[in-house]
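Take a look at the chain shown here.

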Amino acid sequence: LSSTGMKVAATMAGSVVRPAPSADAPGAQRALRGEVTIPDGVRVILLGDTWSQHILATKRHPDLAPHLDSVLATVESPDHREPDDRPQRERFYKQDVGPGRWLMVIVDFEESRRGS
């Protein structure tokens, strides 16, 4: 998700996602893997290269390959949200989806704010 990233901690799996860039922003023509709107009304996208090269890459989260819908659902309707340790990022959590008890998806808002 443009505004998406993933991390795994114990029984939690997470991912990093970014808000949607404007149509004329660099990378706007890259393949789209998913798109959702977070509860605040911000459109968030997952680009194909982010999904395959950042999230699923070896030593990252290949276990999430069959769980794309769960990643998107976590961002769209989280059970819990909290700020991330890094600026302009937020953690979205959903229980009982994905490969573990909790799925954590990190949305990185920095890209969309640079483009505005």
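Exposure classes come first: buried means under 20% relative accessible area, exposed means over 50%, and partly exposed lies in between (1.4 Å probe, protein chains only). By that scale Asp79 is partly exposed, because its relative accessibility is 46%.

This is a predicted model, in which local features need pLDDT of at least 70 and side-chain atom pairs count only at pLDDT 80 or more, while totals for chains, interfaces and linings use all residues. Residues are numbered from 1 along each chain as its sequence is written, and side-chain values use heavy atoms, with hydrogens and water left out.

**Salt bridges**

A salt bridge here is a side-chain nitrogen of Lys or Arg within 4 Å of a carboxyl oxygen of Asp or Glu. The count comes to 7 salt bridges. The table gives some of them.

| Pair | N to O distance |
|---|---|
| Arg43 and Glu35 | 2.7 Å |
| Arg81 and Asp40 | 2.9 Å |
| Lys94 and Asp79 | 4.0 Å |

Helices (H or I, at least four residues) and strands (E, at least two) are DSSP runs, numbered from the N terminus.

Arg43 and Glu35 meet through their side chains. Arg43 is partly exposed because its relative accessibility is 40%. Glu35 is partly exposed too, at 42%.

The side chains of Arg81 and Asp40 form another salt bridge. This pair links distant parts of the chain, 41 residues apart. Arg81 sits in strand E5 (residues 80–83), and Asp40 lies in the loop between strand E3 (32–37) and strand E4 (43–47). Arg81 is partly exposed, at 24%. Asp40 counts as exposed, at 55%.

Lys94 bridges to Asp79. Those two are 15 residues apart, with Lys94 in strand E6 (residues 89–95) and Asp79 in the loop between helix H2 (68–76) and E5. Is Lys94 buried or exposed? Lys94 is buried, because its relative accessible area is 15%.

Asp84, Asp85, Arg89 and Arg91 are linked in a network of salt bridges.

Two strands pair if DSSP finds at least two bridges between them. E5 and E6 run antiparallel, joined by 4 bridges. Glu82 stands opposite Arg91 in E6. The two strands form a hairpin with 5 residues between them. In the turn, Gln88 has a positive phi of about 60°.

**One aromatic pair**

Rings of Phe, Tyr and Trp (its six-membered ring) pair if their centres lie within 6.5 Å; planes under 30 degrees apart count as stacked, over 60 as edge-to-face and the rest as tilted. The count is 1 aromatic pair. The rings of Tyr93 and Trp102 have centres 6.4 Å apart and planes at 85°, so the pair is edge-to-face. Tyr93 is buried, at 6% relative accessibility. Trp102 is partly exposed, at 22%.

**The nonpolar core**

A nonpolar core is a set of buried Ala, Val, Leu, Ile, Met, Phe, Trp, Tyr and Cys residues joined through side-chain atoms within 4.5 Å. The largest one has 18 residues, and Trp51 and Val75 touch the most other members. E4, H1, H2 and strand E7 (102–108) each supply at least two residues of this core. Which element gives the most to this core? H2 does, with 4 residues.

**A residue in H1**

Ser52 belongs to helix H1 (residues 48–55). Ser52 is partly exposed because its relative accessibility is 37%.
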